[in-house]
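Please keep the structure open while going through the points.

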Amino acid sequence: GITNFKYQGTEKFRLTAGASSPIIFQPKADAYDMAFNQYDGNEVMRITDNQKVGIGTTAPSAKLEVTSPTNSYEQARFQWDASNYLGVFVNSGGDSQLEAKTGHLTFKTDTSAHNVRVDSKGDFRVDLGDSNGGYTMRVRAADSSAVFMAKSNGLIGMGTESPAAGV
């Protein structure tokens with residue numbers, strides 16, 4: 001069935017539901033956004049007439065924009081369960097972070113024709129956690145053989161995963 005909602009005699013939106021179809025919420029006038037408010041009237045989400053979604057903003061500038069005006073650090077979470085998730089963070093200073101909780105963070109391409117690239121206009125830095133050698137940065141060949149290994153205690157190896165000296 002169809003339910004029309006009017007304001008001063010003009011249809012503003014329509015709800016449509018069928019036995020085997022989804023419930024459809026459809027604005028009926030051009031240039032009308034859909035806004036979702038909390039019980040206290042504060043807007044929490046908006047879908048614009050030009051197909052942009054804003055959470056925490058009334059004027060999204062991208063297909064999906066999530067804004068946290070209170071500077072709560074985590075803006076988005078993609079999760080398997082409460083313990084295994086990827087958090088996306090941006091703070092008021094512009095610092096950004098992807099954080100894998102529990103598992104590994106992997107950047108991967110689908111074919112050898114595509115590259116994984118890190119492009120920095122400033123310093124490029126890798127922090128390995130401690131100074132006792134317990135953390136490592138590895139570069140391996142396609143057959144998993146060692147190409148380069150740097151340990152957090154300063155030991156560096158070329159062609160070995162057991163470096164015995166620094167540079």
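1. Start with Gln8, an exposed residue at 71% relative accessibility. (Buried means under 20% relative accessible area, exposed over 50%, and partly exposed in between, with a 1.4 Å probe and protein chains only.) Gln8 sits in the loop between strand 1 (2-7) and strand 2. Strands (E, at least two residues) are DSSP runs numbered from the N terminus. The phi of Gln8 is near 50°, a positive value in a residue other than glycine.

2. A word on the source. This is a predicted model, in which local features need pLDDT of at least 70, side-chain atom pairs count only at pLDDT 80 or more, and totals for chains, interfaces and linings use all residues. Residues are numbered from 1 along each chain as its sequence is written, and side-chain values use heavy atoms, with hydrogens and water left out.

3. Ser144 also deserves a look. Its phi is positive, about 75°, although Ser144 is not a glycine. Most residues other than glycine have a negative phi. Ser144 lies in the loop between strand 11 and strand 12 (146-151). At 48% relative accessibility, Ser144 is partly exposed.

4. Next, the salt bridges. The term means a side-chain nitrogen of Lys or Arg within 4 Å of a carboxyl oxygen of Asp or Glu. The count is six. Among them is the pair Arg14 and Glu11, with closest N and O atoms 3.1 Å apart. Glu99 and Lys101 form another, at 3.2 Å between the closest N and O atoms. Glu99 is partly exposed at 23%. Lys101 is partly exposed too, at 32%.

5. Glu43 and Arg46 meet in a salt bridge of 2.7 Å, N to O. Arg46 is buried, at 18% relative accessible area, whereas Glu43 is partly exposed at 25%. Asp33 joins Glu43 and Arg46 in a network of salt bridges.

6. What volume does the largest pocket hold? About 600 Å³. A pocket here is an open set of points on a 1 Å grid over the protein atoms alone, with protein on both sides within 12 Å along at least five of seven lines; lining residues have an atom within 4 Å of a point. The volume is the space filled by probe spheres set on the points, which are joined across faces, edges and corners.

7. The lining of this largest pocket includes Ser96, Gln97, Lys108, Arg117 and Phe124. By class, the lining has seven nonpolar, three polar and two charged residues. Ala, Val, Leu, Ile, Met, Phe, Trp, Tyr, Cys and Pro count as nonpolar, Asp, Glu, Lys and Arg as charged, and the others, Gly among them, as polar.

8. Leu98, Leu105, Phe107 and Val116 make a nonpolar surface patch of about 390 Å². (Such a patch joins nonpolar side chains within 5 Å, from residues with over 30% relative accessible area and no salt bridge.) These four residues also line the largest pocket. Phe107 is exposed at 56%. Its place is the loop between strand 10 (96-101) and strand 11 (136-140).

9. Ser92 and Ser68 are 24 residues apart along the chain, with C-alpha atoms 9.3 Å apart. Ser92 is exposed at 68% and lies in the loop between strand 9 (84-90) and strand 10. For Thr10 and Ala76, 66 residues apart along the chain, the C-alpha separation is 38 Å. Thr10 belongs to strand 2 (residues 10-18) and is partly exposed at 42%.

Note on methods:
On a 1 Å grid over the protein atoms alone, a cavity is a set of points where a 1.4 Å probe fits but cannot get out, and a pocket is an open set with protein on both sides within 12 Å along at least five of seven lines; lining residues have an atom within 4 Å of a point. Patches are made of residues with over 30% relative accessible area and no salt bridge: like charges are joined within 9 Å, nonpolar side chains (Val, Leu, Ile, Met, Phe, Trp, Tyr) within 5 Å. Accessible areas come from the Shrake-Rupley method with a 1.4 Å probe; for residues, only the protein chains shown count as cover. Helices (H or I, at least four residues) and strands (E, at least two) are DSSP runs, numbered from the N terminus.
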